[in-house]
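This report walks through a structural model, taking up its nonpolar cores, its strand pairing and the positions annotated in a sequence record. Please keep the sequence and the 3D view at hand while reading.

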Amino acid sequence: MTVVIKVGGARAVDPAGALADVASLVADGERVVVVHGGSTKVDETLERLGVEPEYVETPSGVVGRFTDETTMEVFEMAFGHLNTQLVAGLQSEGVDAVGLNGVDGKLLYGPRKSAVRVVEDGKKKIRRGDHSGTIKQVNGDLLESLLNDGYTPVAAPPMAGEDSEARSASDESSGDEPRDHGEVIPVNTDADRSAAAIAGELDAQLVLLTDVEGVYVDPDDPSTLIESVETVADWDALEAAAEGFMGRKIMAAEEALDGGAPEVVVADANAESPILSALDGGGTHVHASALEQDTDQTATEEQ
């Protein structure tokens, strides 16, 4: 079994339990890939530098970071620090961990989005200068090579973004023939969706650790935890319940399942043995069958 584990970057998340569980899984012969976030660390670093973190809302209602050039530099610094700390923590647990970001070997690769559609004061606008991207390819061969050699990859954004605008400008100024590939630059991408892309590529089970027990029907009531999602009706109920930051995790879950992951678990990073308990039934378990049935139903309606 291959397991991809996303460790959250929220202030309320302590990675110690997760690292111990990774060590336990690896000792039992399981193949594990760790993916981490770090948005909180980015915000803290920006604030220390006197820069206000900026978040924007898209027309579809999704709130995300606007990553200008200064923020991107801080992003690289903060994520690099976190990656090193997690690798050192795993090595202290006896795990032969290797740190990677999405630029290394084009682990996470796709086009840069320099312009994004946002909603400001109720009006739709185009914001330019963003350093973000959409993952289109995962270098699964690189991960498989590391896993087969006994290493535990610890991966994170930024991703390798193909900047077609920079390519065009460079070609025009040099007078050279246009290249068939763009300039590659590091750009921001969502860590949950990065983990989803990796899980899909490896056909791996995905565990998304966060600071709550899973997805709640009532966000303020842990007793309304959704434990299992197996049917179309279950999936509809899950989407209806996922508010705020949880909406991004459900988006990531859908992308992982569409990509080939058999199951996604959303679980509490601060639980005792958070990963082992998640794999043993804790949290919200989303099964591929929910989306497979939805696909079958759509195909039937189109005929």
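## Nonpolar cores

A nonpolar core is here a set of buried Ala, Val, Leu, Ile, Met, Phe, Trp, Tyr and Cys residues that are joined through side-chain atoms within 4.5 Å. The model to which this is applied is a predicted one. Its largest nonpolar core holds 43 residues, and those that touch the most other members are Val-4, Ile-198, Leu-206, Trp-235, Leu-238 and Val-264. Helix H8, residues 245–259, gives the most to this core, contributing six residues. A second, separate core is made up of 23 residues, including Ala-18, Val-32, Val-34 and Leu-90.

Around Val-4, once neighbours within four places in sequence are left aside, the contacts are Val-33, Val-35, Ala-195, Ile-198, Ala-199, Ala-204, Gln-205, Leu-206 and Val-207.

## Strand S2 and its partners

Strand S2 covers residues 31–36, and because five of its six residues are buried, the strand is largely enclosed by the rest of the structure. It pairs with strand S1, residues 2–7, in the parallel sense over six bridges, and within this pairing Val-3 stands opposite Val-32 of S2. Strand S9, residues 152–163, also runs parallel to S2 and is joined to it by two bridges; here the bridge partner of Val-35 is Ala-155 in S9.

Thr-152 is found in strand S9 as well, and its relative accessible area of 3% makes it buried. Apart from its neighbours within four places in sequence, Thr-152 is in contact with Val-22, Val-26, Val-32, Val-34, Val-95, Asp-96, Ala-97 and Val-98.

## The annotated binding site

An unreviewed UniProt entry carries the annotation "binding site" for Arg-65 and Asn-188. Arg-65 lies in strand S4, residues 63–65, whereas Asn-188 has its place in the loop between strand S10 (183–187) and helix H6 (191–202).

Are these residues buried or exposed, given that buried means under 20% relative accessible area? Arg-65 is buried, with a value of 13%, and Asn-188 is likewise buried, with a value of 11%. Residues up to four places away in sequence not being counted, Arg-65 touches Ser-39, Val-42, Asp-43, Leu-46, Pro-53, Glu-54, Tyr-55, Thr-71, Asp-130 and Asn-188, and its side chain reaches the backbone oxygen of Ser-39 at 3.2 Å. With the corresponding exclusion, Asn-188 touches Arg-65, Thr-67, Met-72, Phe-75, His-131, Ser-132, Gly-133 and Met-159; the side chains of Asn-188 and Thr-67 are joined by a polar contact of 3.0 Å.

## Ala-288 in helix H10

Which residues does Ala-288 touch, not counting those up to four places away in sequence? They are Leu-257, Ala-261 and Pro-262. Ala-288 has its place in helix H10, which covers residues 288–302, and it is buried, with a relative accessible area of 14%. Between Ala-288 and Ala-253 there are 9.6 Å in space, C-alpha to C-alpha, while the two are 35 residues apart in sequence.

Note on methods: Residues numbered from 1 in each chain as written. Predicted model: local features only at pLDDT ≥ 70, side-chain atom pairs only at ≥ 80, totals over all residues. Heavy atoms only, no water. Buried < 20%, exposed > 50% of the residue type's maximum accessible area, 1.4 Å probe, protein only. Helix = DSSP H or I, 4+ residues; strand = E, 2+ residues; numbered from the N terminus. Pairing = 2+ DSSP bridges. UniProt positions renumbered as here; feature names shortened; annotations may be inferred. Contact = heavy atoms within 4.5 Å. Polar contact = N/O pair within 3.5 Å; in protein donor to acceptor, adjacent residues only side chain to side chain.
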